[in-house]
Every structure is written in C-alpha cells, then in structure tokens.
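Reader: I am new to this kind of model. Could you walk me through it?

Author: Gladly; let us look together.

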Amino acid sequence: MLDKGRITILVVDDLEDWRLTLRGILVDEGYSVKLAASKGEALEILSGAEIPLAILDMRLDESDEGNQDGLVLAKTIKREHAGTQVILLTGYGTPDVVSKAMSPGPEGQALIVDYLEKTETDKLLGVIEQTLVAMQ
Amino acid sequence: MNAARILIIDDEPHWIDFAKEDLNQPLFEIVVAKNIAEAMQWLDENRFVLVIASSGYLEELQKISDRYKMIITTVHPSTQEARAAYKMGAERYLAKSFGSRDLLESVQEVLPLADS
C-alpha cells in the first residue's frame, strides 16, 4: 500500500496551465507535489529533496519546435539522481522519441520508465501507481 | 564460435528477404517463422539469442518476452505501439525501413559481441 502523502512527485512543464492542472490531479490523489518550469529549476529541486518520481514534458520551451529538453533532463536525472524515475508526458511525441526514451541503454536501463501523451492524462494516476509499486 | 541464432517472426516475404540479406553475416544464423505457431515450435526446440518480430504479434509475444531479447518491427510506427513494445521488454522498436542499415545496427547494439 502506497503512503501517498509521503511521496513527492516533481512536475516539469514550461506551460503554467499544465503544471497547475497536473498538480491538482496529483494533490487530489494525496501526493505531495513540486513544480518546475525549466531544467534548471527541476535540478535545483531534485538536489534538495528526495523525489522518487518526476513527470516531464518533452518540450520545455514552447517557442522552439525541435526542443527536446525533457529528454536531456531525463538523461541528467538518470546520471545524477538514480533514485528518481521519470515518466515523459508530452503533446509532441513520435515513435522515435519513445524509442530514444524507452529503449534500454548499454547498462540495460532506459531513460524513462513510461510514456504518456497529454491526451491520456486519464491514465496518469494508474501509470504513477504502477511505477511507485514497482519501485518498492 | 557458434553463430548467434536469430528468429525472425514475420509474414511479409519482401521484409523477410530484406532482413535475411541485411543480416547475412557469418556470426548470425537466421531462422524464419511465418506465424506464431511456427515460431513457438522453433523456440521450444532450439536456443535463440534474439527474436525479431512484426508488431502484429505483440500480444502473443508477451508470454515469452522475459525469456528472449526482442526487436519489434512495424510498417506503421506509432507512439502507442512503441510504448507497448518497450513495456513488454523489447530492446528496440523499428520501422521496416528497406534499404537502411537500421536493422543490422540494432542487432549489433542488442548483441554487442556479434561483430559484423
């Protein structure tokens, strides 16, 4: 059984509406939530708190169509915060992006544990719970 | 050194021909199954180091996904199917791209001891 109140989830999205929407969904479910609008903010939060799960948007600069900062951040998290699992939640995914993020690397681990599109937020709580249970 | 035995599960003759040609290396032994029943028989009776299967067999492959390294191939890549393939434990999810070396490169990444 998950003690959700003791679990902090980091939400990283450059769009404030999305950050607040996701915070609402997660807080209603009982989780504690931290919000970040950029890679830098996210890394600062991660270095100061124990966070088992981060939900990242892929594009962290809406003005740049090719932006994949979420994937860059996922790489940094994997390298520097191995205890934090990442779910990618994006409106701009492609099969190539999923492959980059979910294919196992040379050490066998993928950058992210799961992938969802922003049209699938109804599945988010289920995916979070599965991920956290698997981590226990 | 024994060749690395690889099972291709697919029913598209052109892709099978391409894959066999692309993987025509002394270190690989390629076996083809044209349906899942044929594939299961090969897997029951022989040792394989890798399965390269069409995404049409994803559901059936769930049963054996913890026993084999897998590359899933598809004509119509999608994010949902890519996610399903990786959640199943696939090593790679590839578009069936005739003429590219993606398949060989992926096999070499997944089987790092197999030199070309």
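Reader: What percentage of the 136 residues of chain A count as buried?

Author: In chain A, 46% of the 136 residues count as buried, a word used here for under 20% relative accessible area, with exposed meaning over 50% and partly exposed in between (1.4 Å probe, protein chains only). Please keep in mind that this is a predicted model, in which local features need pLDDT of at least 70, side-chain atom pairs count only at pLDDT 80 or more, and totals for chains, interfaces and linings use all residues. Side-chain values use heavy atoms, leaving out hydrogens and water.

Reader: What makes the radius of gyration of chain A agree with a compact globule?

Author: The rule is 2.2 Å times the number of residues to the power 0.38, with the radius taken over C-alpha atoms. For 136 residues a compact globule would come near 14 Å, and chain A has 14 Å, so the two agree. The C-alpha trace of chain A spans about 35 × 35 × 30 Å along its principal axes.

Reader: Which elements does chain A have, and in what order do they run from the N terminus?

Author: Chain A has five helices and five strands, as DSSP runs (helices: H or I, at least four residues; strands: E, at least two). Their order is β-α-β-α-β-α-β-α-β-α.

Reader: How many residues does the contact take from chain A and from chain B?

Author: Chain A gives 15 residues and chain B gives twelve residues, where contact means heavy atoms within 4.5 Å. On the chain A side, P95(A), M102(A) and P104(A) lose the most area to chain B.

Conventions
Residues are numbered from 1 along each chain as its sequence is written. Chains are lettered from A and ligands numbered from 1 in the order in which they are written. Buried area is the accessible area (1.4 Å probe) that two parts lose on being put together, summed over both.
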